[in-house]
Amino acid sequence: MMSLSSLLISVIIPTYNRAHILLRAVQSVLSQTHSHLELIIVDDGSEDATLKAVSALQDPRIRRVHQDHQGVAAARNAGILQAKGEYIALLDSDDVWEPSKLELQLSFTLQGGWNITQTEEIWIRHQQRVNPGLRHIKPSGWIFAPSLNMCLVSPSCVLMHRRCWDEIGLFDSRLLACEDYDLWLRCALHYPVGLVPQHLVTRYAGHADQLSGKIIGMDLYRIMSLSKLLSWSDLTAEQRHMTRMHLQSKGKRYVQGCLKRGKEEEAMRVQKMITKGLKQ
């Protein structure tokens, strides 16, 4: 039987103009007690000193990928496509791992027979630790239904067997935001998600370059995802009904917001998307 320490884990860090904090994330990977890993750093067309910072890293486990700026989804995909490990882990360049993250998570994953797991996490906002609200509590098992409302899986906390990527596909690079919401919904149709009870990731929020702070109208991308999901033939009748209900709710709220702001053309465009999705 293969030992845990012999299993190769591919770690993907996408980054864009994060030279000032990237090395903190990188060091948290290289310091893992599970040392049999490869670290794939995908520079998504950075214009700061990222290239210089990454080029200075000497660890033989590091692989470097550079691409023109295409967004975080495309950057993650580029790394996943080059991954050689049996398991793949994601880490955002502004987050960090505890040294035992991969070791404990891999053990939990194998013992439970999971294909996808995530860990609990610590939230830091503006240098202060904050507690997540009740709606952010992570479920375990078959999480499709609660995940329709909002994303309940954190990329930096995930460990997935590569067979999942082969079946589910990659991140949808057409989505400028909520690409993780879209992916985890697809995953949750086919796989239960295990939850490691330890807080093994520190997630930093509140800095100026965070994507969630730049994108206005995030629900638009959830609407796009739900509309697309309804075209899938492998939804059960119950899953299809729940998806339709959430598409109607989020769609109505978004269209009403557009009309209040005098954006009639945007409202009409999105309403057509919603109507098309509901007919599927």
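Q: Which residues cover the two faces of strand 2, and are they buried or exposed?
A: This is a predicted model, in which local features need pLDDT of at least 70, side-chain atom pairs count only at pLDDT 80 or more, and totals for chains, interfaces and linings use all residues. Residues are numbered from 1 along each chain as its sequence is written, and side-chain values use heavy atoms, with hydrogens and water left out. On one side of strand 2 sit L37, L39, I41 and D43, on the other E38, I40, V42 and D44, and all are buried. Buried means under 20% relative accessible area, exposed over 50%, and partly exposed in between (1.4 Å probe, protein chains only). In a regular strand the side chains alternate between the two faces of the sheet.

Q: What makes strand 2 "mostly covered"?
A: Eight of the eight residues in strand 2 (residues 37-44) are buried. Strands here are DSSP runs of E with at least two residues, helices are runs of H or I with at least four, and both are numbered from the N terminus.

Q: How do you know that strand 1 and strand 2 pair?
A: Pairing requires that DSSP finds at least two bridges between two strands. Seven bridges join strand 1 (residues 9-15) to strand 2, so these strands pair, and they run parallel. Within this pairing, I12 stands opposite I40.

Q: How many bridges join strand 2 to strand 3?
A: There are six bridges between strand 2 and strand 3 (residues 62-67), and the two strands run parallel. L39 stands opposite I62 in strand 3, while V42 has V65 as its bridge partner.

Q: Which helix does the chain pass through between strand 2 and strand 3?
A: The path goes through helix 2 (residues 50-55), and this β-α-β crossover is right-handed.

Q: Why is A19 called buried?
A: The relative accessibility of A19 is 19%, so it counts as buried. A19 is found in helix 1. Leaving aside neighbours within four places in sequence, A19 is in contact with D48, A49 and T50, where contact means heavy atoms within 4.5 Å.

Q: Why is N17 called partly exposed?
A: N17 has a relative accessible area of 23%, which makes it partly exposed. N17 belongs to the loop between strand 1 and helix 1, and has a positive phi of about 55 degrees although it is not a glycine.

Q: What makes helix 3 "mostly covered"?
A: In helix 3 (residues 72-82), eight of the 11 residues are buried. These are A73, A74, A75, R76, N77, A78, G79 and I80. They pack against strand 1, strand 2, strand 3, strand 4 (87-90), helix 6 (162-168) and helix 7.

Q: Why is helix 7 called roughly parallel to helix 9?
A: The axes of helix 7 (residues 179-190) and helix 9 (residues 219-229) come within 9 Å and cross at roughly 30 degrees. That crossing angle makes helix 7 roughly parallel to helix 9. Angles under 35 degrees count as roughly parallel, over 145 as roughly antiparallel, 65 to 115 as roughly perpendicular and the rest as oblique. Axes are lines fitted to C-alpha atoms, for helices over the stretch in contact, and angles run from 0 to 180 degrees between N-to-C directions.

Q: Why is L220 called buried?
A: L220 has a relative accessible area of 9%, and so is buried. The place of L220 is in helix 9, and among the residues L220 contacts are Y254, E266 and M273.

Note on methods
Right-handed = clockwise from strand over helix to strand, strands pointing away.
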